[in-house]
Amino acid sequence: MLDLKKDYHVHSNYNDHSPQELSIENVTRYAEKISLNTIAFAEHVRKTSDWIPRYLEEIDKMASTGTKLTLISGFEAKILKDGTVDFPNEYEGHFLIASFHSKYNNKREWLSALKSAICLPYVKVIGHLAPEESFDLTDGELVELSQLLRTNSKTVEINAKYKRPPMKWLRIFKDNKVNFHLGSDAHKLSEVGNFEAIANLIDYVDN
Ligand SMILES: [Zn+2]
Ligand SMILES: [Zn+2]
């Protein structure tokens, strides 16, 4: 069963495109108000990000204020064409979502980068996974991907912002016992813990 009280993909005002209302404190208070029990902050990170110590410290501080919420400090990093992720390695061990953030227009390159990223031990989750307009995966490729995800203990996120993965992918992942969790990918306070847009996907996975 997917746990609607846990949101594993929330942004904060540490990125350059989310509103100030998305402070660590505001997200925590809002999540308490709507009775979530777990929040994973998954801020967009690059190898060059210089705000990470402040960000981690602020989440730690918040966690020590006696909130009942489990606060996970983590990151979302871009999968690069060489199959690595744009992530500063000194933070390995933190919760890490690896996602595609640019178009490849090349299935072979895309699939190869994805498979390498799945094999990275410090990646925990594959974020908002879906095909591009110019290609789709065959059932056989999706079965193979499922096995790789399982062997490497990776979770596939069901993402409310992009409504992904698509149902066909979800079906094959589910049949092959891939692990799922929910991520709102909130870039606004009102999106935290809000999974209404993917009610059909949640329903499918749970039944
Ligand atoms: Zn993303
Ligand atoms: Zn995101």
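**The sheet and its helices**

Guide: Start with the open sheet. It has seven strands, in the order β1-β2-β3-β4-β5-β6-β7, with parallel pairing. The edge strands are β1 (6–10) and β7 (179–183), and each of these pairs on one side only.

A few ground rules come next. This is a predicted model: local features need pLDDT of at least 70, side-chain atom pairs count only at pLDDT 80 or more, and totals for chains, interfaces and linings use all residues. Residues are numbered from 1 along each chain as its sequence is written, while chains are lettered from A and ligands numbered from 1 in the order in which they are written. Helices (H or I, at least four residues) and strands (E, at least two) are DSSP runs numbered from the N terminus. Strands pair if DSSP finds at least two bridges between them.

Look now at β2 and β3. They run parallel, joined by eight bridges. T38 stands opposite T70 in β3. Helix α1 packs on the sheet here, touching β1, β2 and β3, and its direction makes about 150° with that of β2. Helix α2 packs on the sheet too; it touches β2 and β3, and its direction makes about 160° with that of β3. Such angles run from 0 to 180 degrees between N-to-C directions, with axes fitted to C-alpha atoms, for helices over the stretch in contact.

Stay with α2. This helix covers residues 52–63, twelve in number. From first C-alpha to last it reaches 17 Å, close to the 16 Å expected at 1.5 Å a residue. The expected span is 1.5 Å times one less than the number of residues. Its buried residues are Y55, I59 and M62. These cover an arc of only 60° around the axis, so they lie on the same side of α2. The arc is taken from the directions between helix axis and C-beta atoms. Buried means 20 or more other C-beta atoms within 10 Å of a residue's own, exposed means 12 or fewer, and partly exposed is in between, with C-beta atoms placed from the backbone. On the other side of α2, P53, R54, E57, D60 and K61 are exposed. The cover over the buried residues includes α1 (24–33), β2 (38–45) and β3 (70–78).

Move along to β4, the strand that holds L96. L96 counts as buried because it has 21 C-beta neighbours inside 10 Å. Setting aside residues up to four places away in sequence, L96 touches G74, F75, A77, F87, Y122, V123 and K124. Contact here means C-beta atoms, placed from the backbone, within 7 Å. I79 is 17 residues from L96 along the chain, and their C-alpha atoms are separated by 12 Å.

A98 takes us to the core. The largest nonpolar core has 49 residues, and V10, I39, A98 and A117 touch the most other members. Such a core is a set of buried Ala, Val, Leu, Ile, Met, Phe, Trp, Tyr and Cys residues joined through C-beta atoms within 7 Å. Beyond its neighbours within four places in sequence, A98 is in contact with A77, I79, V85, A117, V123, I126 and G127.

A117 belongs to the buried residues of α3, along with W110, A113, L114 and I118. They cover an arc of only 135° around the axis, which puts them on the same side of α3. Their cover includes β4, β5 (125–126) and α4.

Most residues other than glycine have a negative phi, and most peptide bonds are trans. Just after α4, S153 takes a positive phi of about 50°. S153 sits in the loop between α4 (139–151) and β6. N105 has a positive phi too, near 50°. Its loop lies between β4 (95–99) and α3 (107–119). A cis peptide bond joins R164 and P165, with omega about -5°. P165 is in the loop between β6 (155–159) and α5 (167–175).

Methods
Contact = placed C-beta atoms within 7 Å.
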